[in-house]
Amino acid sequence: MPEADHTGEQFHRLVGMLDYSMFIVTAAAGETRAGCLVGFAAQCSISPPRFMVWLSKNNHTFTVAERSGSLGVHLLSRNEFELARLFGSCTGFERDKFAECAWRPGPDGVPLLEDCPGVFVGEILQRHDTGDHVGLLLRPSAARAAREAVPRLTFRDVRDLDPGNEA
């Protein structure tokens, strides 16, 4: 094990080797819509089905999700790089991302992106402050998935994008 004074550096190096799946998370509160590219997300229970997404406190989507009861979670294939760029490099504080992509309103008014191979809407059950991000525990309430597996978009595919908000 490394010495204690190098733990942070070693941890950052270790997590830098991981290649997370990337998702777009969408939210709605009243007439306000938001969405962002998310790398911190995972299934966290099989029975009952549960999924957790973490949103940066600096993100416009976070401010909308605070007033939302549900979120949309969109799985991205490598074909959705431009959609990932739109939702990852632009901030909703300054730009209506939904004016630039195909979407439709889903359950609870959650915007659902049409060009993704899989999406689910999840009811927010709990919120967990984990530091600079807040984890939102979701119970899936609606879902659609492509019949076949697709090559997914991962962190390595998008790591050179300039973030719309600082982490």
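1. Tyr 20 is partly exposed, its relative accessible area being 30%. The model is a predicted one.

2. Tyr 20 sits in the loop between helix H1 (7-16) and strand E1 (23-29), and Phe 40 in the loop between strand E2 (32-38) and strand E3 (41-45), so the pair ties together parts 20 residues apart in sequence. Phe 40 is also partly exposed, at 39% relative accessibility.

3. Phe 98 and Trp 103 make an edge-to-face aromatic pair, with 5.6 Å centre to centre and 65 degrees between the planes. Phe 98 counts as buried at 4% relative accessibility, whereas Trp 103 is partly exposed at 26%.

4. One aromatic cluster is formed by Phe 23, Phe 51 and Phe 120.

5. Ser 68 is found in the loop between helix H2 (60-65) and strand E5 (70-75). Its relative accessibility is 6%, under the 20% limit, so Ser 68 counts as buried. A polar atom of the Ser 68 side chain lies 2.9 Å from the backbone oxygen of Val 64. Beyond its neighbours within four places in sequence, Ser 68 is in contact with Ala 27, Ala 28, Ala 29, Ile 124 and Arg 127.

6. An unreviewed UniProt entry annotates residues 15-162 as "domain: Flavin reductase like". Over residues 15-162 the chain is 14% helix and 43% strand, and the end C-alpha atoms are 19 Å apart.

Note on methods. Residues are numbered from 1 along each chain as its sequence is written. This is a predicted model: local features need pLDDT of at least 70, side-chain atom pairs count only at pLDDT 80 or more; totals for chains, interfaces and linings use all residues. Side-chain values use heavy atoms; hydrogens and water are left out. UniProt positions are given in the numbering used here, feature names are shortened, and annotations may be inferred rather than shown by experiment. Helices (H or I, at least four residues) and strands (E, at least two) are DSSP runs, numbered from the N terminus. Buried means under 20% relative accessible area, exposed over 50%, partly exposed in between (1.4 Å probe, protein chains only). A polar contact is a pair of N or O atoms within 3.5 Å; within protein, one must be able to donate a hydrogen and the other to accept it, and residues adjacent in sequence count only if both atoms are side-chain atoms. Contact means heavy atoms within 4.5 Å. Rings of Phe, Tyr and Trp (its six-membered ring) pair if their centres lie within 6.5 Å; planes under 30 degrees apart count as stacked, over 60 as edge-to-face and the rest as tilted.
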